[in-house]
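Reader: Before going through the model, I would like to know how to read its sheet and its cores. Please begin with the sheet.

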Amino acid sequence: MKIITPITVTDEKLLSSNIPENDHAEWDNGTAYARGDFVISTSTHTVYRSLTSSNQGNDPDLEMTALADPLIDDPDPVNWQIISATNRWKMFDQKPSVQATMTDEIALEVAPGEFVGGIAGFGVMGTAVSVEVYIPGSPDEVVFQRTIDLYAAASVANWYDYYFADLAPLTEFIITDLPPYANGVVKVTVTNTGGIAAIGQLAVGPVSEIGEVVTPGTGLSGLDFSFVQNDEFGNLTRTVREATRLADLEVVVPTASVLVTFEKLRALRGGAPAVWVGDDRAALAANVYGFARDYRLVYQAGPNSILSIQVQGMV
C-alpha cells in the first residue's frame with residue numbers, strides 16, 4: 001500500500017503550460033458587469049459569475065475573502081459566485097471530474113522544489129501519457145522517461161468485445177518510481193491528436209509505503225450522488241450527478257511500525273486528498289484519489305497486524 005501525498009502546485013512551481021488562462025476577460029475595476037457575466041482572476045485562477053446587475057468596483061477575490069471571514073456576518077449583497085478554477089488550473093483543484101482541456105495535447109512542466117517519488121493522473125482523456133523528469137542545465141539532463149499507451153493498457157473482457165465493442169482507454173495512470181531529485185522538473189504530456197486532451201486531476205508528491213494490500217477483505221464499491229424521485233403517479237425524475245469509488249483496503253503492516261503508520265494517516269485527516277495506491281496497475285481500479293473516511297487496526301499474534309482503511313474518492 002503506497003500513498004502519494006500531493007504537493008501544492010503554485011505559480012512558482014508551474015513552470016509552463018500550453019493551456020492559456022483566457023477563459024473569460026479578467027475582472028476590471030472600471031467595468032460594470034451585468035447579471036450572468038463571467039470574469040476570471042489570474043491571481044487566484046478562478047472563474048466568477050456576476051450575481052447582480054451594474055456590478056462595478058466589487059473585486060470578486062476580496063469578496064470571497066470576506067465571505068470566508070467568520071467575523072463578517074451575512075455580507076450583503078453577494079455580487080459574485082465561484083464557478084470553477086480556470087481551465088489552466090483545473091487539474092490542480094482537487095476535483096477530478098472537472099477537467100482541464102486542450103486540443104490535441106496538454107503539455108506542462110512542474111518544479112516541485114522537493115523530493116517527489118510519484119505522479120498520478122485522474123479523469124485523463126487521450127491516447128497516451130508521457131512523463132519525463134529532467135535536471136535543468138546546459139543541456140538538460142533527462143533522468144526518467146516513461147510513456148503509457150492508454151489504449152494498450154486498457155483491458156478487454158472477451159474476443160467479441162475486442163473485435164466489435166468500442167475500446168475504452170484508461171482514464172487514469174499511476175507512477176510510483178520517479179527518481180528523487182530535489183531540483184528535478186517533471187514534464188507531463190497527454191496526447192490526443194485530432195481530439196481533445198484532458199486531465200481532471202494531476203497529483204505529484206512524495207511516496208510512502210505503509211504495508212502490503214491483501215486480497216481478502218479488499219474491495220471496491222460505487223458511490224453515486226445522483227438521485228431518482230417518484231411523484232404521486234409513480235413518474236420518475238432523474239437527477240444525474242457525479243459518482244466515485246469507495247475502496248475498502250486491508251493492509252498488512254508491521255506491528256512495530258503501527259505508531260508511525262497512524263501518524264501518517266493522522267496527517268491526512270480532515271478530508272485531505274491523497275492518492276491511495278492499492279496496486280500500480282491502473283486497470284484494476286485499486287487506486288483512488290480521495291480521503292480516508294475511516295481506519296482501524298487489529299493486532300495479530302505474529303509480527304504483523306491488519307489495518308482496514310476506507311477511502312472515498314473525490315469528485
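Author: Two strands count as paired if DSSP finds at least two bridges between them; strands are DSSP runs (E, at least two residues) numbered from the N terminus. This is a predicted model, where local features need pLDDT of at least 70, side-chain atom pairs count only at pLDDT 80 or more, and totals for chains, interfaces and linings use all residues. Residues are numbered from 1 along each chain as its sequence is written, and side-chain values use heavy atoms, with hydrogens and water left out.

Reader: In what order do the 5 strands of the open sheet run?

Author: Strands of a sheet pair through backbone hydrogen bonds, either parallel or antiparallel. Here the order is β2-β6-β11-β8-β9, with antiparallel pairing. β2 (14-17) and β9 are the edge strands; each has a single partner, so one side of each lacks a neighbour in the sheet.

Reader: Over how many bridges do β8 and β9 pair?

Author: They pair over 8 bridges, in the antiparallel sense. V133 has F144 in β9 as its bridge partner.

Reader: Which residues have the most contacts inside the largest nonpolar core?

Author: In soluble globular proteins, nonpolar side chains tend to be buried together. A nonpolar core is a set of buried (under 20% relative accessible area, 1.4 Å probe, protein chains only) Ala, Val, Leu, Ile, Met, Phe, Trp, Tyr and Cys residues joined through side-chain atoms within 4.5 Å. The largest one has 33 residues, and M91, F92, L108, I119, V131 and L202 have the most contacts inside it. β11 (185-199) is among the strands that each supply at least two residues, and β11 gives the most, with 5.

Note on methods. Buried < 20%, exposed > 50% of the residue type's maximum accessible area, 1.4 Å probe, protein only. Helix = DSSP H or I, 4+ residues; strand = E, 2+ residues; numbered from the N terminus.
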